[in-house]
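Me: I am new to this structure and would like to learn how to read it. Could we go through it one kind of feature at a time?

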Amino acid sequence: MGRFLHLVRAALRSRDQFTVALAGGSTPRQLYSLLTEKRLDWERLHFFWGDERCVPPDHANSNFRMADEVLLSHVPIPAENIHRIHGELPAEEAALDYEDELRHFFRYQTPRFDLILLGLGSDGHTASLFPGTPAVREKVRWVVGVDHRSPPPPLVNRVTLTPPALNAAANIIFLVSGTEKAERLAEVLQGPYQPELLPAQIVKPVDGHVCWLVDQAAADKLTLPKK
Ligand code: 6PG
C-alpha cells in the first residue's frame, strides 16, 4: 500500500496524471479495498489492466468486475479514466481494441505505465503470460489474445499485455501471497533464468523498477541473506 501511495503522490507532484495497470486474480483485492480509504487525486489517475479474461464485464471471472466492485465503484474516478479490456469480445479482437486504446492514450509511443501491478501464478505465470505459450515470446505487439484451455483456471481465453509492454513500465509491483506460491517464487527469484517455464522472470523493465511485495508464507522458500 505504502509503495503504491508513494509512487502516485510523487508522480502527481510533477505530472498531471498517473497511469496504473491493475492485476487480476484474488491477491490484489485487499490492496484495492484499502485504497478506497485513501485521499488521492482520483480524477488524475487512469486505470488500465495487465490482463483480462474473455468474459463479460459483469462475469464473476472478470478482472474488471473485481476491481470495480472492490475499488473503482467506491472512489470518485471519472468513467473516462477507466480503460477496461473488452473481454466480451473474442480474444484477438479485444487485444486489437485494447492496443488501439493504448496507442491513442500514449500518443502512439510505446505505453510506459507509471505502475503495473502483477501477480504470480503457482505455475510461474504473470498477467496471462502462461508457460510455453506464444505470448511469452512476443517481441513486437503490446497486447495479444491468449488461447487458454489448460490449467490454471478459469479455462477461458485471455487478453494480456506482452513482455514489451510490461518492460516499458516505470514501476512494477508484484503482489504474492500464500504458501502455494512459495516454491515457484523461490524459482523465479533465485533459480535459473528460464522464462519459457517461468514467465514472471521475463519481467525486467528496460528503464524501471520492480518491487516484490511478498507475505511470509510465500517467502518461505527464499534463501535470505544471513543477518
Ligand atoms: C489473472 C491474473 C493472474 C494472477 C495470478 C495470481 O487474470 O488471473 O492476472 O496473472 O495475477 O494468477 O492470481 P491470485 O492472486 O488469484 O493467486
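Reply: We start with charges and rings. A charge sits over a ring if NZ of Lys or CZ of Arg is within 6 Å of the ring centre and within 35 degrees of the ring normal. Keep in mind that the model is predicted.

Me: Which ring does the charged end of Arg103 sit over?

Reply: The charged end of Arg103 sits over the ring of Trp142, 5.4 Å from the ring centre. Another such case is Arg84, which lies over the face of Phe64 at 5.7 Å from the ring centre.

Me: How many aromatic pairs are there?

Reply: Rings pair if their centres lie within 6.5 Å. By this rule the count comes to 8 aromatic pairs. One of them is formed by Trp42 and Phe47, with 6.3 Å centre to centre and 20° between the planes, and this pair is stacked. Trp42 and Phe47 are both buried.

Me: What kind of pair do Phe48 and Phe106 form?

Reply: Planes under 30 degrees apart count as stacked, over 60 as edge-to-face and the rest as tilted. The ring centres of Phe48 and Phe106 are 5.9 Å apart and their planes stand at 35°, so this pair is tilted. The pair links distant parts of the chain: Phe48 is in strand β2, Phe106 is in the loop between α4 and β4, and 58 residues separate them. Both Phe48 and Phe106 are buried. Ring pairs also link Phe48, Phe105, Phe106 and Phe113 into a cluster.

Me: Which residues of α1 are buried, and where do they fall when seen down the axis?

Reply: Buried means under 20% relative accessible area. In α1 the buried residues are Phe4, Leu5, Leu7, Val8, Ala11 and Leu12. Seen down the axis of α1, they fall within an arc of 165°, so they line one face of the helix. The face turned away from that buried side carries the exposed residues Arg13 and Ser14.

Me: What do the buried residues of α1 pack against?

Reply: They pack against β1 (18-22), α2 (29-35), β2 (45-49), β4 and β7 (171-176).

Me: What about α7: which of its residues are buried?

Reply: In helix α7, residues 182-190, the buried ones are Ala182, Leu185, Ala186 and Val188. Viewed down the axis of α7, these residues fall within an arc of 165°, so they line one face of the helix. What covers them includes β7 and β8.

Me: Which residues touch the most other members of the largest nonpolar core?

Reply: Such a core is a set of buried nonpolar residues joined through side-chain atoms within 4.5 Å. The largest core has 73 residues, and Tyr32, Leu117 and Leu161 touch the most other members. Leaving out residues up to four places away in sequence, Leu161 touches a list of residues including Ala21, Trp49, Tyr98, Leu102, Phe113, Leu129 and Trp142.

Me: Where is Leu213, and what does it touch?

Reply: Leu213 is in strand β8, residues 209-214. Leu213 is partly exposed, with a relative accessible area of 32%. Not counting residues up to four places away in sequence, Leu213 touches Ile173, Phe174, Leu175 and Val176. The C-alpha atoms of Leu213 and Met1 are separated by 9.5 Å, although the two residues are 212 apart along the chain.

Me: Now the backbone. Which residues does a cis peptide bond join?

Reply: Omega is the angle to read here. A cis peptide bond joins Pro151 and Pro152, with omega about 10°. Another joins Pro153 and Pro154, with omega about -5°. Pro152 is in the loop between β5 (143-146) and β6 (158-161), and Pro154 is also in the loop between β5 and β6.

Me: What is phi near in Arg107, and is Arg107 buried or exposed?

Reply: Phi of Arg107 is near 50°, a positive value in a residue other than glycine. Arg107 lies in the loop between α4 (91-105) and β4 (115-118). With a relative accessible area of 66%, Arg107 is exposed.

Me: And is Ala127 buried or exposed?

Reply: Ala127 counts as buried, at 12% relative accessibility. Phi of Ala127 is near 50°, again a positive value in a residue other than glycine. Ala127 is found in the loop between β4 and α5 (134-137).

Conventions. Residues are numbered from 1 along each chain as its sequence is written. This is a predicted model: local features need pLDDT of at least 70, side-chain atom pairs count only at pLDDT 80 or more; totals for chains, interfaces and linings use all residues. Side-chain values use heavy atoms; hydrogens and water are left out. Helices (H or I, at least four residues) and strands (E, at least two) are DSSP runs, numbered from the N terminus. Buried means under 20% relative accessible area, exposed over 50%, partly exposed in between (1.4 Å probe, protein chains only). The arc is that of the directions from the helix axis to the C-beta atoms. Contact means heavy atoms within 4.5 Å. Rings of Phe, Tyr and Trp (its six-membered ring) pair if their centres lie within 6.5 Å; planes under 30 degrees apart count as stacked, over 60 as edge-to-face and the rest as tilted.
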